[in-house]
Amino acid sequence: MHRRRTSHTEPTARTSSRTSRRTPSSPEPHRPDAPAIEAIGLRKSFGPVRVLTGVDLQVERGEVFSLLGPNGAGKTTTVRILATLTAPDGGLARVAGRDVVAERAAVRRVISLTGQFAAVDEKQTAEENLRMMARLSGLSRPAARRRAAELLERFDLTAAARRRAQTYSGGMRRRLDLAAGLVGEPEVIFLDEPTTGLDPRSRAGLWEVVRELSAAGSTVFLTTQYLEEADRLADRIALVDGGRLIAQGSADELKARVSGHRLDLVAAGPEAYLRIVSRVGPEAGRPWRPWRRPEGAAQAGPVPAHEPWQPRQLRHSPDSLTLALPTDGGADEVRALLDRADPERCDVVRFSVERATLDDVFLALTGREAAPHQETAHV
Amino acid sequence: MSDALGSDALGPIGRTVTMTGRRIRISARDIDAVITSLLLPLMLMAVFIYLFGGAIDTGTAYVTYVVPGVLVLCAAFGGSTTAIGVTEDMKGGIIDRFRSLGVGGTSILAGHVVASTLRNLLSTALVLGAALLIGFRPDASPAGWLAAAGLLTAFVVTISWLSTAVGLLARTPEAASGFSFFMVFLPYPSSAFVPIDTMPGWLHGFAEHQPVTPMIESLRGLLLAEPVGNEPWVALAWCAGILTVSVAASAALFRVRSR
């Protein structure tokens with residue numbers, strides 16, 4: 001039985017008519033217990049470029065799952081494979097219990113994909129776009145008209161329904177795009193970088209929509225390069241870098257994996273700053289990633305309590321004379337870190353203990369800042 | 001196929017009809033495309049008849065000589081619009097969306113071809129109407145008209161598929177427009193605007209045996225009720241050959257482009 005949703009007007013009728021039409025002899029078995037998405041060892045190369053080198057993931061029904069990583073990490077390729085648009089070179093993937101290669105048509109009937117490029121016709125109005133999509137997804141003319149009106153209302157586009165999409169703002173266009181992906185009432189919704197290029201207000205609006213979809217019971221798989229976005233929306237996050245997942249878990253679990261907290265130190269001056277760095281930074285010993293767990297240890301656990309002290313990976317902000325050290329936040333360790341950073345008690349003027357952000361996780365696991373920072377650095 | 005709740009499944013034909021409707025709406029709103037495929041052939045016809053025509057001796061009134069050529073040129077201009085439309089489609093994300101709705105390349109490309117054919121037949125009718133107004137006087141029998149219409153339709157369908165393949169090959173609309181230049185150029189070194197025997201000798205071989213010449217000779221013969229010999233069959237053979245290659249190339253290119 002399909003999950004019933006608030007906007008779901010004729011779920012059983014549509015499913016049964018399709019099932020009987022496409023496979024009259026062997027009705028498709030519903031697999032309500034299967035995870036929404038599962039992938040094992042996905043690999044994909046484009047020519048000599050190895051884009052995915054073995055991606056494993058599992059997304060439960062009703063979950064909001066975020067694939068987080070910089071440009072070129074393999075996010076879009078993963079989504080395209082899961083959405084049956086690209087065939088993997090190796091590995092296995094199932095969506096709603098159906099194989100994305102062998103049962104491609106069945107998968108397509110239960111998913112929608114909203115990509116980075118707007119998939120609506122600029123020269124058609126919002127209403128025409130939605131009615132066309134509804135017709136293609138198998139609704140009759142009157143049903144398509146009703147469905148289009150309903151989606152326009154839900155995405156706050158009714159007033160602009162008869163305007164061509166080319167006159168829309170970025171946020172409106174993205175909403176229309178998302179609406180177009182929902183005409184077929186998909187069980188699993190793929191959003192590939194849904195807020196890239198949007199202004200903050202439109203982004204907040206889109207987040208609201210994702211929350212509503214999730215509240216209505218849909219599974220949402222979204223990719224993003226914004227840590228904040230994954231943090232706010234996702235039940236679970238997978239960090240992807242260089243074609244493989246480097247960590248998976250809830251935002252809290254991931255943050256706990258780094259160290260849970262961050263000690264921010266403000267130096268008294270530029271020389272003091274350099275002295276602190278020389279005492280605690282990576283230069284003080286061999287390069288080291290703080291508390292990085294061995295491969296495959298995806299579950300977060302308590303940070304080892306009595307690890308011998310080692311130099312820390314730092315986040316530098318020389319402009320503000322601030323540097324950040326990972327820590328478990330415990331009084332003992334904070335005290336010890338302060339002593340080591342500033343034994344003479346004259347270089348550090350202020351400190352604060354902050355909860356680790358996904359930024360810290362990303363830095364700790366990849367050795368570099370997450371993408372949007374890098375991009376601004378290049379521009 | 002509708003049930004009481006209003007859900008019916010579109011078959012391949014329904015999908016193609018929907019895709020055709022989409023392309024017609026889009027190209028009707030594209031001012032550039034409307035001008036290119038409707039106004040330009042009309043203007044060219046005026047240029048040839050009123051500016052060059054006086055200097056060209058074809059043994060008949062020049063308008064009578066040139067109209068079949070303008071009809072063919074008109075289809076070629078329409079082809080460039082089709083190619084650009086296909087390229088623009090492939091560039092955006094909408095093809096992925098269609099595919100995720102279970103709409104395959106066949107319906108998508110057929111939509112382009114049917115819309116292109118209808119658009120080109122409309123512009124052909126307009127040009128023919130204008131030609132009749134400015135003094136084109138065909139003597140064709142009803143059978144001749146029918147044969148000419150059939151040939152022209154075959155030509156337009158062929159050009160539409162060829163343009164679709166070109167559109168799939170090109171990565172940008174500018175490239176598509178550039179690629180389709182050869183289609184627009186092909187009627188010039190043929191018997192479309194001037195008799196071939198007025199051209200330099202080295203050009204005769206090409207001009208007599210290129211695909212556009214038999215089409216133009218057939219249309220001219222049929223519309224003026226003159227003997228056409230086996231020209232229509234040669235023209236149809238060209239169409240069939242180009243069509244086969246274009247359809248096969250389109251299918252292969254679509255797979256590559258949308259993988």
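The model is predicted: local features need pLDDT of at least 70, side-chain atom pairs count only at pLDDT 80 or more, and totals for chains, interfaces and linings use all residues. Residues are numbered from 1 along each chain as its sequence is written, chains are lettered from A and ligands numbered from 1 in the order written, and side-chain values use heavy atoms, without hydrogens and water.

Tyr50(B), Leu51(B), Phe52(B), Leu133(B) and Ile134(B) make a nonpolar patch of about 580 Å². Such a patch joins nonpolar side chains (Val, Leu, Ile, Met, Phe, Trp, Tyr) within 5 Å, from residues with over 30% relative accessible area and no salt bridge. A salt bridge is a side-chain nitrogen of Lys or Arg within 4 Å of a carboxyl oxygen of Asp or Glu. Areas come from the Shrake-Rupley method with a 1.4 Å probe, and for residues only the protein chains shown count as cover.

Helix 2 (residues 31-52) of chain B gives the most to this patch, with three residues. Helices are DSSP runs (H or I, at least four residues), numbered from the N terminus. Leu133(B) lies in helix 5 (residues 105-133) of chain B. Leu133(B) is exposed, at 74% relative accessibility. Buried means under 20% relative accessible area, exposed over 50%, and partly exposed in between.

Now follow Phe52(B) to the aromatic pairs. The whole structure holds nine of them over all chains. The rings of Phe48(B) and Phe52(B) are edge-to-face, because their centres are 5.4 Å apart and their planes lie at 80°. Rings of Phe, Tyr and Trp (its six-membered ring) pair if their centres lie within 6.5 Å; planes under 30 degrees apart are stacked, over 60 edge-to-face, the rest tilted. Phe48(B) and Phe52(B) are four residues apart in helix 2 of chain B, so about one helical turn separates them. Phe52(B) is partly exposed at 42%, whereas Phe48(B) is buried at 7%.

Phe48(B) also pairs with Tyr188(B): centres 6.4 Å apart, planes at 40°, so tilted. This pair links distant parts of the chain, 140 residues apart. Ring pairs join Phe48(B), Phe52(B), Phe181(B), Phe185(B), Tyr188(B) and Phe193(B) into a cluster.

Arg220(B) has its charged end over the ring of Tyr65(B), 3.6 Å from the centre. In chain A, the charged end of Arg203(A) sits over Tyr226(A), 4.3 Å from the ring centre. The criterion is NZ of Lys or CZ of Arg within 6 Å of the ring centre and within 35 degrees of the ring normal.

Definitions and conventions. Patches are made of residues with over 30% relative accessible area and no salt bridge: like charges are joined within 9 Å, nonpolar side chains (Val, Leu, Ile, Met, Phe, Trp, Tyr) within 5 Å. Helices (H or I, at least four residues) and strands (E, at least two) are DSSP runs, numbered from the N terminus. Buried means under 20% relative accessible area, exposed over 50%, partly exposed in between (1.4 Å probe, protein chains only).
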